[in-house]
Amino acid sequence: MHSPVSHKILNQQFWLTTDRTMYWEEEKALIVSDLHIGKTGHFRKSGIAVPATVCKEDLQRLIAQIQYFQPRELIIVGDMFHSHANKELELFLKWRSDLSDIKIKLVRGNHDILEERWYENAGIQLSQRTLSMHQFHFVHDITDHLGRKEKTGRNKEVSYCFSGHIHPGIRIQGSGKQSLCFPCFYFGKKYAVLPAFSHFTGVAMIYPEAEEEVFVIVNQELIQLQ
C-alpha cells in the first residue's frame, strides 16, 4: 500500500489513500463511500456476465485498509449496498462476522433499499439522511443536504460535509488530443465528495474552480492538482 496523503480540515487530521478511503485520525474512523455491494450479482441476475470476483476483491481491499489503520469504526457515506439481497450480501455477512468488533455507521443512500431490520441484524447503525459528528456532517447526496440547509436557515454554522453519490472523476489531458479519466477526491470550501470505493462504477466529471482541491488517483498514486 502506498503511503497515505495528509489533508487537514477544521484542524482535524485526515489521511487519503489510493484505495479510495479516508482515515479520520482523531476519531479513529475509516470513511468510504459507494461500495455497491451486490451490484455485480444484480447484473448477473439480469444476464450480464460480470465476474463474481469483483465483490470479493472490493471486500479484500477494505479488509486491507482496516488492517492498516486499525479503526474503531467504519463510516460509509451511502450506497453500501446496491439493491435487494443476493449471494454477495451473504458474502458480506460472513465478512462482517469476522470483524464484529468494528462499529459500522451507514448514511442511507439511494441504493440502500434493504429493510431496516436487515441492517440492524448485520450490526449496522443506520442514519436516514445525515450523520453528524462534532463539526462534520456525513451525507450521501450533497445537493439534497444543501437544499435542506437553505430551508432551515442553518447556513452560518461552522461545519463541513462529506458526501458521495456522484462518483467524482476528472479528465487529464495528455500529449496531443489524448485524455484519460480518473477517480478523485474533491474538496470544496463547504463540502467534499469522495470517490466510489468500488471499482465496478463509472465516474462523473467534475470541474473544480479556484481554491478547490482535487486529489486524483493515477496508477496507485495520489496527485494533487494545482
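This is a predicted model: local features need pLDDT of at least 70, side-chain atom pairs count only at pLDDT 80 or more; totals for chains, interfaces and linings use all residues.
Which residues of the largest nonpolar core touch the most other members? Side-chain values use heavy atoms, with hydrogens and water left out.

Okay, the core. Phe-81, Phe-92 and Ile-124 touch the most other members among its 27 residues. By nonpolar core I mean a set of buried Ala, Val, Leu, Ile, Met, Phe, Trp, Tyr and Cys residues joined through side-chain atoms within 4.5 Å. Buried is under 20% relative accessible area, exposed is over 50%, and partly exposed is in between, using a 1.4 Å probe and protein chains only. At least two residues of this core come from each of β4 (29-32), α2 (53-69), β5 (73-76), α3 (87-98), β6 (103-107) and α4 (116-121). Helices (H or I, at least four residues) and strands (E, at least two) are DSSP runs, numbered from the N terminus. The top contributor is α2, with five residues.

Let's look at Phe-92. Leaving out residues up to four places away in sequence, Phe-92 touches Ile-37, Leu-59, Met-80, Phe-81, Ile-104, Trp-118, Ala-122 and Ile-124. Contact here is heavy atoms within 4.5 Å. There's also a second, separate core of 23 residues, including Ile-75, Val-77, Phe-215 and Ile-217.

Now, the helix pair. The axes of α2 and α3 come within 11 Å and cross at roughly 20°; axes are lines fitted to C-alpha atoms, for helices over the stretch in contact, and angles run from 0 to 180 degrees between N-to-C directions. That makes α2 roughly parallel to α3, a label for angles under 35 degrees. On the α2 side, Cys-55, Lys-56, Leu-59, Leu-62, Ile-63 and Ile-66 meet Glu-88, Leu-91, Phe-92 and Trp-95 in α3. What does that contact divide into? Eight nonpolar residues, no polar and two charged, with Ala, Val, Leu, Ile, Met, Phe, Trp, Tyr, Cys and Pro as nonpolar, Asp, Glu, Lys and Arg as charged, and the others, Gly among them, as polar.

One more residue: Tyr-191, in strand β13 (residues 191-193). Tyr-191 is partly exposed, at a relative accessible area of 23%. Its C-alpha is separated by 5.5 Å from that of Tyr-160, 31 residues apart along the chain.

Notes
Residues are numbered from 1 along each chain as its sequence is written. Angles under 35 degrees count as roughly parallel, over 145 as roughly antiparallel, 65 to 115 as roughly perpendicular and the rest as oblique.
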